[in-house]
Amino acid sequence: MNDSLFSDFDFSSLDSPNFKEDSVREDLIMPVLKELGYSSQSENKIVRSKKVRHPFVTVGSNELPLTNFPDYLLEVDGKYAWVIDAKAPNEDIKTGKNVEQAYFYAIHPEIRVPIYALCNGREFIAFDIHGETLICFSLSEIEKYWHKLQDLLSPPAFDRTQKKIEANKNEAEFDYLSRKPLEELKKVRKRGARRHFGVHGYFTKQSWDVVQSYIRNFTKPNDTVLDPFGGSGITTVEALMTNRKGIHIDINPLSVFLVKSLLIPTNLQKLQESFEEIKKEYLENVPKTPDDYEKTLDKYPYPKGNVLPKGSDVATIEHLFSRRQLSQLAYLKHLIRKVESADIKNTLLLIFSTTITKINRTYHHSTYAGENAGDCSAFRYYRFRIAPEEVNLDTFSTFEGKFKNIIAAKKEIAPVINQQTVRNAQIYKGTATKLEKIENESVDYIYTDPPYGKKIPYLDLSIMWNAWLDLEVSENDYQLEAIEGGGHNKTRKDYSNLLAESIREMYRVLKFDRWMSFVFAHKDPEYWHLIVDTAEKSGFEYVSAVKQSNGQTSFKKRQNPFTVLSGQLIINFKKVRNPKSIMKADLGADITDLIIQAIEGVIAKNTGATLEEINDELIIKGLELGFLDILSRQYQDITPFLLANFDYDKETEKYLLKKNTKFRSQIPIELRIRFYLESMLRRFAREGKATHFSDIILEIMPLLKNGVTPDDQTILSVLEQIADKVGEDSWRLKESGQGNLFDLA
Ligand SMILES: C[S@@+](CC[C@H](N)C(=O)[O-])C[C@H]1O[C@@H](n2cnc3c(N)ncnc32)[C@H](O)[C@@H]1O
């Protein structure tokens, strides 16, 4: 490599706002391409800004194709080989829309190349068409990576690279069983994708990047991913965005409508035209006076008389709206219904539906972010609560704002989800308890987030949208809805049975040697026990439970941090032919000491612990050490126990040891060591991690920071009793060490 390639370049200049995308392109990417052996004239040519037509999006009244330009397209021996896109230094080039854009160039019918690369001046990254990262480095360290880069992308190497990618695709079997469960993803960007954020609210939404990471981790392209409690459709949308197939099922017709309308390929030019026509007609005839409101309401249909769930501030649906809101929505819907094309009409109805979320009397605006930022009470408080402060948002401006959001969402997905690929999605209304349309052993991965007991009655609360959208909910749907309580007064037993049935169905449809990730956020251990127990009885093997933040705290949690959990755990199971069951310890009736021990453990580790941290720890320890069933019988809600035994600091929202008390060392130190060692070794074994003594010490010491701190020797002697040394320095539980936790007591 030419030593002077960037030796004169001052990388701190990338921090200047004047260093933009074009400088990255000309000052940094171009020299790399030349050094690799490309030029403007040869067989190995640099093609600048090749125009490609967006296959599904047009602009202007003459339906001119929307054109995009990859910054450089590289030819090897006169044939297109790879593309590279320049981005400004502050842009993300590893995930998100920029990567999707570059991928779109690579798969475009007029280009079709096996590699796409991006560079933002700071970093250079290249992916193969199947989404694998081929190389990634800091540009300031290019000399270290030069040989690898040359081996990959220089013209003489390219033929070999291409063959390797093909061979990888055909030969390298994806080894499902050796996949490792993910650790907690710390940086969650819930608002980072236009295809989800700002499209349509729903009661609880997974963060798309967490879901996408799980899909990428447990599947390969073309695999089938199922979510039988699909909600707003994050799983299926992300499955399609990563070139997998997706099955979305939900009992709520609103959920099915949302996902279908978002994914339906739409001619955006025609959508724009229809929107303009509606706007013109609406603004000419919009009802403006109380007299107009009543005349409009006499003329056009609107939902009326539907009884709202108990706990609502008003009795029937029409009272959720002022007469102005009701009449303007009725007129707007009338105009949308006149549109002929089904895809345009559906998309407009989606925009209408998300407009309803703001144009009603339960819309609570944000006190700090202004009138336009806020949410309706069904999503915020899980009941119909009339806002104490009336907000009079303009109906059409709200509709127009949502129109822009949905155009942005559709543009974002169009390169990947379009006429050709949308058939990879199956979206239908149905019940997770009977997956009739899905054959035995046909699904490669399940990511699902079922209802959490009585927190949210989805069908009751969706009435505001379902009624406007003319979507029917039958008595049978209510019977099948997996919740506790709600308008149909479902019992815990109903809920448990429905959840258990759905787990059995998931087992049936999943292939062997595949994974299921089950998101759950209930604070009652009984349900955790139910899930793991049913899953084990159905044949699943429990692998791990991971705490995963979902990107934002719910309003309910902010209001009442004391009793509502904001965290969630993702439990990973696999379906294997000889599943191992997790240990059932013979603990006797009183597990108070173990509970106190586990709680003191987190308090010591984190210097004070939040309700979520304590709950997560108890659930995970309970699951893995087998005391969850006793925990669930004795402590349905851990809060009273916490209040009785620990102090709560309102400011930090953490539980602490009671003033002037010490950790209670009722469990002998050796037993405590054993308690933690067993749980840790078992977890490491399941996750396929090596257990070096130094890692064990690092993990265990903070948990024992309690009264007398043991030395390494004490830990080693317990370890030797319960585990065997394998290889140089790795430890595995003895078979006989798996029985009774209290052998030592
Ligand atoms: C926690 S939400 C899922 C949210 C989703 N993960 C998201 O990110 O938007 C649970 C969903 O389960 C649905 N549901 C409840 N009972 C069901 C059943 N028996 N079959 C299918 N879906 C059901 C509810 O309508 C709700 O949409």
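1. Helix H9 (residues 290–299) packs against helix H10 (residues 323–337) at an angle of about 45 degrees, with 9 Å between their axes, where axes are lines fitted to C-alpha atoms, for helices over the stretch in contact, and angles run from 0 to 180 degrees between N-to-C directions. That angle makes H9 oblique to H10, since angles under 35 degrees count as roughly parallel, over 145 as roughly antiparallel, 65 to 115 as roughly perpendicular and the rest as oblique. Helices (H or I, at least four residues) and strands (E, at least two) are DSSP runs, numbered from the N terminus.

2. This is a predicted model, in which local features need pLDDT of at least 70 and side-chain atom pairs count only at pLDDT 80 or more, whereas totals for chains, interfaces and linings use all residues. Residues are numbered from 1 along each chain as its sequence is written, and side-chain values use heavy atoms, with hydrogens and water left out.

3. On the H9 side, Tyr 293, Glu 294, Thr 296 and Leu 297 meet Arg 323, Arg 324, Leu 326, Ser 327, Ala 330 and Tyr 331 of H10, contact meaning heavy atoms within 4.5 Å.

4. E1 pairs with E4 (residues 72–76) in the antiparallel sense over 3 bridges, and Ile 46 has Leu 74 in E4 as its bridge partner.

Key:
Pairing = 2+ DSSP bridges.
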